[in-house]
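Dear colleague,

Please find below the structure that I am handing over to you. My findings follow directly after it.

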Amino acid sequence: MTGELSPIDKAKFVAAKRSVDFVEDGMRVGLGTGSTAAWMVRCLGEMVRADGLKIRGIPTSTRTAELAKEVGIEVVTLDEARWIDVTIDGADEFDGNLNLIKGGGGALLQEKIVATASDQMIVIADAGKEVETLGAFPLPVEVIPFGWQTSKSLIEEFLISMDVLGQDASLRMNGSRPFVTDEGNYILDLHLGRIGDAHQLAMVLNQIPGVVENGLFIDICDVVVIGFGDGKVETRDINEGTVAADRLDFVETENLFTDLKD
Ligand code: 5RP
């Protein structure tokens, strides 16, 4: 089955597979959203079913909640869990300080709440997500539908005084209608090209009326697990200042891929 995966999917898979080593019996685990996080949820589900791992999962979207239940993970809300031991999630971009752009899948609000309520946030990503400076990936900003065009104009106006290359915002669409988040909000994607001061931009955006949250995750991520298409995995811990590398053996994952065939 692994032979059928593209190199990027293999990279996402090995990152996800390695990340579940951080999960221990009894933990409350934040479950991210996106294709990489979906691999991680499947890996955890296999550990629950095959090894009797006991965890409670706090999903960051309805999509992830459905998948988690499907693979056998007990799902609880953040209010039930109150605090989280570890959250594992994907990212659209990460830089050398493990600052992130997230929200490509539209789940940035729950993702940021869950990650911030966690002792540890682990990001899983293929190597192509690493950047020197954040901003090539359009920055998602969640806005309430009421007056969204005014919020968009205000954001574009604010961007003129920010250290960014571009100032255009576009409403994310789902076919011919606006994309709607789990909270019933819209997403504006900011085409910035390069973000000179991500800390400042993250704070300024959230001051604009109508903005609910932005996709810059600053000083939230603790560890990044980077996967490569050849099975190599690199784990960087920003707090410990450590880097570890190894290679994942695809043979050990045969059961998981059998599960995924349908
Ligand atoms: C969803 C996210 C995702 O984690 C991000 O878009 C990465 O997705 P993928 O793993 O599919 O590349 O932030 O809101």
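**Sheet and cysteines**

An open sheet is formed by four strands in the order β9-β12-β8-β13, with antiparallel pairing; strands here are DSSP runs of E of at least two residues, helices are runs of H or I of at least four, both numbered from the N terminus, and two strands pair if DSSP finds at least two bridges between them. The edges are held by β9 (168–171) and β13 (211–214), each of which has a single partner strand, so one side of each lacks a neighbour in the sheet. From one strand to the next, the twist averages 30 degrees (axes are lines fitted to C-alpha atoms, for helices over the stretch in contact, with angles from 0 to 180 degrees between N-to-C directions).

This is a predicted model, in which local features need pLDDT of at least 70 and side-chain atom pairs count only at pLDDT 80 or more, while totals for chains, interfaces and linings use all residues. Residues are numbered from 1 along each chain as its sequence is written, and side-chain values use heavy atoms, with hydrogens and water left out.

Strand β12 (residues 186–191) pairs with β9 in the antiparallel sense over four bridges; Asp 168 has His 191 in β12 as its bridge partner. Helix α6 (residues 148–160) lies across β8 (139–143), β9, β12 and β13, at about 25 degrees to β12 (contact means heavy atoms within 4.5 Å).

The count of disulfides is zero, a disulfide being a pair of cysteine sulfur atoms within 2.5 Å. The sulfur of Cys 43 has its closest cysteine sulfur in Cys 221, 18 Å away, which is too far for a bond.

Yours sincerely
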